[in-house]
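I opened the notebook to look this chain up piece by piece. My entries follow in the order I checked things.

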Amino acid sequence: MNRYLLPVSMLGTAVGGAVLLKDYVTGGICPSKATIPGKTVIVTGANTGIGKQTALELARRGGRVILACRDMEKCEVAAQDIRGETLNPRVSARHLDLASLRSVREFAAKIIKEEERVDILINNAAVMRCPHWATEDGFEMQLGVNHLGHFLLTNLLLDKLKASAPSRVINLSSLAHVAGHIDFDDLNWQKRKYNTKAAYCQSKLAVVLFTKELSRRLQGTGVTVNAVHPGVARTELGRHTGMHNSTFSSFTLGPVFWLLVKSPQLAAQPSTYLAVAEELEGVSGKYFDGLKEKAPAPEAEDEEVAQRLWAESAHLVGLDVAPEPPHTGQSCPR
Ligand SMILES: NC(=O)c1ccc[n+]([C@@H]2O[C@H](COP(=O)([O-])OP(=O)(O)OC[C@H]3O[C@@H](n4cnc5c(N)ncnc54)[C@H](OP(=O)(O)O)[C@@H]3O)[C@@H](O)[C@H]2O)c1
């Protein structure tokens, strides 16, 4: 019996340590208990993964939640699941394909016409490391969906958000933005050899830069905007990567994944926190890693890059470039 005592207690310590480490690495749950009755929320890419769980969390807190998805069949199923689980009947499904500017404009026009208010916009949808695909408008797919589609959507909904103030925009970025670089000579990967990883990182850096510049433009309006890395989660995001499809890597990396990877429920906590927490009222232009504010990569803090990206994005999606607000450091209502 004694000869088993040491190995058994070592195993117990290792398992206990691993569980504690997993809790630490994967972060906690939203500390705010705030409810949002009477508030209207839009979550893009809400039929699965982090988006679906975020929509569920916000429906549970009493919001009127609009799931904005490209596949209406999946969207209706998700909305039904959420209504069933939360017993909140105010959860609906709408069509939005971020890879089509026409679809983004149609979606926004309907929201503006049919919804009294938009209090929370969660730009969650994304595609990661897909092949060298193009959107309907000819943009590289990852930049097109992750950044340009959301850029246009947000801009089109700004008047509604301002009229509903205090209101919030939450942009899902990723830690991957630190490896990103905005290549203004070839934003859409027409000149360089396509690199799926670098294209994803560029798109997620663009999301943080968009957040910073939008926040600057929204000073004094009561609309805040923040970017967030939700943590690494077990979702369908890796569907285009070899690792996601390979049984060998799933098997060999399985234990590491178990330790480091969150459930979609846990990964939805940061978006939920940014959407509801009373203590975040007025907080804008920040980058959150999970539930904690953190400095993003240096390029994400570069105001010149942010302004240039805004101008390029506005040009690409066909929005008029608004005049620059002065850099006074004071609030500038617009
Ligand atoms: N999971 C992670 O480890 C992780 C880490 C860092 C950041 N993030 C970020 O978290 C967010 C949510 O990711 P996830 O992990 O939940 O991924 P996911 O499970 O793959 O969900 C992505 C969602 O985006 C939708 N989508 C893709 N292309 C679209 C388009 N053209 N128009 C409208 N919707 C579109 C998908 O719809 P379909 O189902 O129809 O494809 C799906 O609903 C993303 O912004 C991602 O970059 C995730």
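I took helices (H or I, at least four residues) and strands (E, at least two) as DSSP runs, numbered from the N terminus. On that basis I found eleven helices and eight strands in the chain. I noted that the model is predicted.

**Whole chain**

I looked up burial next. Buried residues make up 45% of the 334 residues. Then I turned to contacts between residues at least 6 apart in sequence. Of these, 78% join residues at least 24 apart.

**Ligand shell**

Which residues are closest to the ligand? I found Gly45, Gly49, Ala125, Ala126 and Thr235, out of 30 residues that surround the ligand. I sorted the shell by class and got 15 nonpolar, ten polar and five charged residues. Helix α2, residues 49-60, gives the most to this shell, with three residues.

**α4 against α5**

I checked helix α4 (residues 101-114) against helix α5 (residues 141-163). Their axes come within 10 Å and cross at roughly 20°. Angles under 35 degrees count as roughly parallel, so I logged α4 and α5 as roughly parallel to each other. The crossing is right-handed. From α4, I listed Leu101, Val104, Arg105, Ala108, Ile111 and Ile112 as making the contact. From α5, the partners are Gly149, Leu152, Leu153, Leu156, Leu157 and Lys160. By class, this contact has nine nonpolar, one polar and two charged residues. The spacing sent me back to helix geometry. An α-helix has 3.6 residues a turn, so residues three or four places apart point the same way.

**α6 against α11**

How do the axes of helix α6 (residues 196-217) and helix α11 (residues 303-317) cross? I read roughly 95°, with the axes coming within 9 Å. The two helices are therefore roughly perpendicular to each other. α6 brings Ala206, Leu209, Phe210, Lys212 and Glu213 to the contact. α11 brings Val305, Ala306, Gln307, Leu309 and Trp310. I counted seven nonpolar, one polar and two charged residues in this contact.

**Isoleucine 182**

Isoleucine 182 is found in the loop between β5 (167-172) and α6. The C-alpha to C-alpha value is 9.8 Å.

**Helix α10**

I went through helix α10 (residues 269-276) residue by residue. Eight of its eight residues are buried, so α10 is largely enclosed by the rest of the structure. The buried residues are Gln269, Pro270, Ser271, Thr272, Tyr273, Leu274, Ala275 and Val276.

Most residues other than glycine have a negative phi, and most peptide bonds are trans. I looked for departures. Leucine 87 has a positive phi, near 60°. Leucine 87 sits in the loop between α3 (72-86) and β3 (91-95). With 9 C-beta neighbours inside 10 Å, leucine 87 counts as exposed. Tryptophan 189 also has a positive phi, about 55°. I placed tryptophan 189 in the loop between β5 and α6. With 21 C-beta neighbours inside 10 Å, tryptophan 189 counts as buried.

My last entry is a peptide bond. Alanine 165 and proline 166 are joined by a cis bond, with omega about 5°. Proline 166 lies in the loop between α5 and β5.

How values were computed. Residues numbered from 1 in each chain as written. Predicted model: local features only at pLDDT ≥ 70, side-chain atom pairs only at ≥ 80, totals over all residues. Near = placed C-beta within 6 Å. Nonpolar A, V, L, I, M, F, W, Y, C, P; charged D, E, K, R; others polar. Axes fitted to C-alpha atoms, helices over the stretch in contact; angles between N-to-C directions. Parallel < 35°, antiparallel > 145°, perpendicular 65-115°, else oblique. Left-handed = near helix turned anticlockwise from the far one by under 90°. Contact = placed C-beta atoms within 7 Å. Buried ≥ 20, exposed ≤ 12 C-beta atoms within 10 Å, placed from the backbone.
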